[in-house]
Amino acid sequence: MDRSLVLGYTTIGLAVRRALPGWPADPLPRSLEGRHVLVTGASSGLGIATVAGVAGLGATVHMLVRDEAKGAAVADRLRDAQPGVALHLWRCDVADLDDVRRFAADFVAAVPELHAVVHNAGVMPPSRTESPQGLELSMAVHLVGPVVMTEALLPSLAGGRVVLVSSGGMYGQPLRADDPGYTTGDYAPATAYARSKRWQVEMAPLLGARWTDLTVATMHPGWADTPGVRESLPTFRRITRPVLRDDAQGADTSVWLTAVEPAPATGLFWHDRAARPTYLLPTTRASDADRTKAWAWLTEAASLP
């Protein structure tokens, strides 16, 4: 179904898969009780749905946002909808590596045991934009910032899970290890977004090998009617709106990966609660040399020892 896109990524695909034998069971009620989960980009779209989903399973949820006022309003709405949920608000700009390290140090001091971090924060700037450290913004927010954050959270995250929210759009892009900053060619927001998501998926097995006691997972939510789609892809939304997933449907696999027991194998790419291939087109298949070059760039950009 995924090769058809419309069948695999929409509400149609999700409904069909849920009806078929073998659909993985929902996490047990209260399965995250007593555990702490960190969700980035927690004040809109899939982030809100992820917070609601893991909080509904009993987790103490730490909501990471850039806009504290917006985040506080979202937290209040969630508390009204789910009385008794444990929510804590943190501020950080994931694009700013200095701010990421500042946040992570504060977090580790306050939360000694973290079960999972869901890296959901996302951007799609209309023109090429750089982070405070000079990285192309999509790469900073979707890859380098999450890697730096996870590395700094390791004292609390030992034995836990890392979920990177990717995109099915990455299937259409190769791993551009030769141009991580998107400095050549005409900049296209959707292409930059998809390139950075391809990097997430390609680097996940290498990150899993580095973080040997963690479960590293990338996933894609299908076509969801998120604020990012509404703002950045209005024509696409107008055409597909009748079959777009809602936020809860888009966040389903992130919540499932956070809670399912036993923990899934590390380094895989997930969609609708199943591991999926990382290539649909032979022209996007990365070579070992590409991955080696990309990993070298990432370790330098993230200052990994």
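**Helix packing and local geometry**

Modeller: Helix 3 and helix 4 are oblique to each other. Please keep in mind that this is a predicted model.

Biologist: At what angle do helix 3 and helix 4 pack, and how far apart are their axes?

Modeller: Helix 3, residues 45-56, packs against helix 4, residues 68-81, at an angle of about 40 degrees. Their axes are 11 Å apart. Angles from 35 to 65 degrees fall between roughly parallel and roughly perpendicular, so the pair counts as oblique.

Biologist: Which hand does the crossing of helix 3 and helix 4 have, left or right?

Modeller: Helix 3 passes helix 4 in a right-handed crossing.

Biologist: And how does helix 3 pack with helix 10?

Modeller: The angle between helix 3 and helix 10, residues 247-259, is about 50 degrees, and the axes lie 8 Å apart. That makes helix 3 oblique to helix 10. Here too the crossing is right-handed.

Biologist: Let us turn to helix 6. What span does helix 6 have between its end C-alpha atoms?

Modeller: Helix 6 covers residues 137-157 and spans only 26 Å between its end C-alpha atoms. A straight helix of 21 residues would span 30 Å at 1.5 Å a residue.

Biologist: Where is the kink in helix 6?

Modeller: The kink lies at E151, shortly before the proline P155, and amounts to about 35 degrees.

Biologist: Is helix 6 mostly covered or mostly open?

Modeller: Helix 6 is mostly covered, with 18 of its 21 residues buried.

Biologist: What is found at the two ends of helix 6?

Modeller: At the start, a side-chain oxygen of E136 comes within 3.1 Å of the backbone nitrogen of S138. After the helix comes G159, which has a positive phi, near 80 degrees.

Biologist: A change of topic: what does the side chain of T40 reach?

Modeller: The T40 side chain reaches the backbone nitrogen of N120 at 2.9 Å. T40 belongs to strand 1, residues 36-40, and is buried, with a relative accessible area of 2%.

Biologist: And D179, buried or exposed?

Modeller: D179 is buried, because its relative accessible area is 5% and the cut-off for buried is under 20%. D179 sits in the loop between strand 5 (161-165) and helix 7 (189-210). The C-alpha atoms of D179 and A294 are separated by 9.4 Å, although the two residues are 115 residues apart along the chain.

Biologist: What is phi of D272, and what is phi of S303?

Modeller: D272 has a positive phi near 50 degrees, and S303 has a positive phi near 55 degrees. Neither residue is a glycine.

Biologist: Where are they in the chain, and are they buried or exposed?

Modeller: D272 lies in the loop between strand 7 and strand 8 (274-276) and is buried, at a relative accessible area of 3%. S303 lies in the segment after helix 11 (288-301). At 53% relative accessibility, S303 counts as exposed.

Note on methods. Residues numbered from 1 in each chain as written. Predicted model: local features only at pLDDT ≥ 70, side-chain atom pairs only at ≥ 80, totals over all residues. Heavy atoms only, no water. Helix = DSSP H or I, 4+ residues; strand = E, 2+ residues; numbered from the N terminus. Expected span 1.5 Å × (residues − 1). Bend = angle between axes of the 7 residues up to and from the residue. Buried < 20%, exposed > 50% of the residue type's maximum accessible area, 1.4 Å probe, protein only. Polar contact = N/O pair within 3.5 Å; in protein donor to acceptor, adjacent residues only side chain to side chain. Axes fitted to C-alpha atoms, helices over the stretch in contact; angles between N-to-C directions. Parallel < 35°, antiparallel > 145°, perpendicular 65-115°, else oblique. Left-handed = near helix turned anticlockwise from the far one by under 90°.
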